[in-house]
Amino acid sequence: MAGRRIPKSRTAYGEELRERREASGLTQEKLSERAVMSRTHIAHIEAGRRKPAPDDARRLDQVLDTGGVFERFLPALDTRTLAEHFEQVADFEQQATVIREYGATLVPGLLQTEAYARAVFRAYYPPKSAEECDGLLVTRLERSEILADPVSPVFWVVLDEAVVRRPVGGPGVMAAQLRHITELGERERIRLHVLPFSAGAHSLLESGLMLMWFDDAPPIAYVEGLHSGTVHDDPTVVLDSQAAYYRVLGDARSHEESLGLLRAVAEGYEHERQQ
């Protein structure tokens, strides 16, 4: 898909795996059986789309008799500008055909403008240096490039009304951020719903949530907290998370009503900025 960049280190790692697999006379299917991994996962690693877990790398080394090459070079695949718990999620974003997200406290990363994201990073604790913030910013903006594709992934977002009302970065930053989301919604690149304060308590009150679906793998749910995050692939947990999301969606404003609210709030921020 357009706009989906794969780091050179991931590409090189994947090419090394493919070359060693082929030199051993193994198909992806045969390697998957011996390494106790899915063929799809191996295909994603070879294409540079996924980073293997340490246990995966150890099994690949054992099956291919590499002397520890794949485990040893895992650190080279680390992205310094992503929290460890989010790195796998960023990989999944690049492969997802459908993403549905609930933003409980702030605009989801895929929708953030540069100014909004910078304001978020400046509020981090412990504080980040200007150089660290710049690195985080580049990574976040690169993630959002998946929306440059006009079709995939299909992206639905539910924003808590608190996200719309909280003036992150000040009125000018918020006005531009809401205009950006509105523009994406107006051209149907995203489906937007705002959960109003009047909804009261709801099934996602204590958590943000991201749901993802794939063409060739089971769906996942990602729940994030302060300095932590968990990817769930257990079918029961994923189904419960999906059900919680749809309950919230049922209490949210329609797409058109939500766009109207964002326009009105953006105008308010713009007026405040001019005073």
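**Helix packing and the sheet**

Colleague: When α10 passes α12, is the crossing left-handed or right-handed?

Modeller: Quick caveat: this is a predicted model, where local features need pLDDT of at least 70 and side-chain atom pairs count only at pLDDT 80 or more, while totals for chains, interfaces and linings use all residues. Residues are numbered from 1 along each chain as its sequence is written, and side-chain values use heavy atoms, leaving out hydrogens and water. A crossing counts as left-handed if the near helix is turned anticlockwise from the far one by less than a right angle, and right-handed if clockwise. For α10 passing α12, the crossing is left-handed.

Colleague: How is α10 oriented relative to α12?

Modeller: Helices here are DSSP runs of H or I with at least four residues, strands are E runs of at least two, and both are numbered from the N terminus. Residues 171-186 (α10) and 255-274 (α12) pack at about 155° with axes 8 Å apart, the axes being lines fitted to C-alpha atoms over the stretch in contact and the angles running from 0 to 180 degrees between N-to-C directions. Under 35 degrees counts as roughly parallel, over 145 as roughly antiparallel, 65 to 115 as roughly perpendicular, and the rest as oblique. That makes α10, relative to α12, roughly antiparallel.

Colleague: How many charged residues are in the contact of α10 with α12?

Modeller: Contact means heavy atoms within 4.5 Å, and the residues involved include Arg179 and Glu186 of α10 and Arg263, Glu267 and Arg273 of α12. Ala, Val, Leu, Ile, Met, Phe, Trp, Tyr, Cys and Pro count as nonpolar, Asp, Glu, Lys and Arg as charged, and the others, Gly among them, as polar. Alongside ten nonpolar and four polar residues, the charged count is seven.

Colleague: And Gly260, is that buried or exposed, or partly exposed?

Modeller: Gly260 lies in helix α12, and its C-alpha is 32 Å from that of Leu239, 21 residues apart in sequence. Buried means under 20% relative accessible area, exposed over 50%, and partly exposed in between, with a 1.4 Å probe on protein chains only. Gly260 comes out at 29%, so call it partly exposed.

Colleague: How does α1 lie relative to α3?

Modeller: The axes of α1 (residues 8-23) and α3 (residues 39-46) come within 7 Å and cross at roughly 125°. That makes α1, relative to α3, oblique.

Colleague: Which residues of α3 make that contact with α1?

Modeller: By class, the contact has four nonpolar, one polar and five charged residues. The α1 side brings Arg10, Tyr13, Gly14, Glu15, Leu17, Arg18 and Arg21, and the α3 side brings Ile42, Ile45 and Glu46.

Colleague: What about α2 against α4: how many charged residues are there?

Modeller: Their axes come within 9 Å and cross at roughly 110°, which means α2 is roughly perpendicular to α4, and the crossing is right-handed. Leu31, Arg34 and Ala35 in α2 meet Arg59, Leu60, Val63 and Leu64 in α4. The classes are five nonpolar, no polar, and as for charged, two.

Colleague: How many residues of β1 are buried?

Modeller: In a regular strand the side chains alternate between the two faces of the sheet. In β1, Val98, Arg100 and Tyr102 on one side and Ile99, Glu101 and Gly103 on the other are all buried. That strand is largely enclosed by the rest of the structure, so its buried count is six of six.

Colleague: Which residue of β4 stands opposite Glu101?

Modeller: β1 pairs in the parallel sense with β2 over six bridges, but runs antiparallel to β4, with five bridges. Tyr102 has Leu209 as its bridge partner in β4. Opposite Glu101 stands Met210.

Colleague: And how many residues lie between β4 and β5 in their hairpin?

Modeller: β4 and β5 pair in the antiparallel sense over three bridges, with Met212 partnered by Ile220. The number of residues between them in the hairpin is six.

Technical notes: Pairing = 2+ DSSP bridges.
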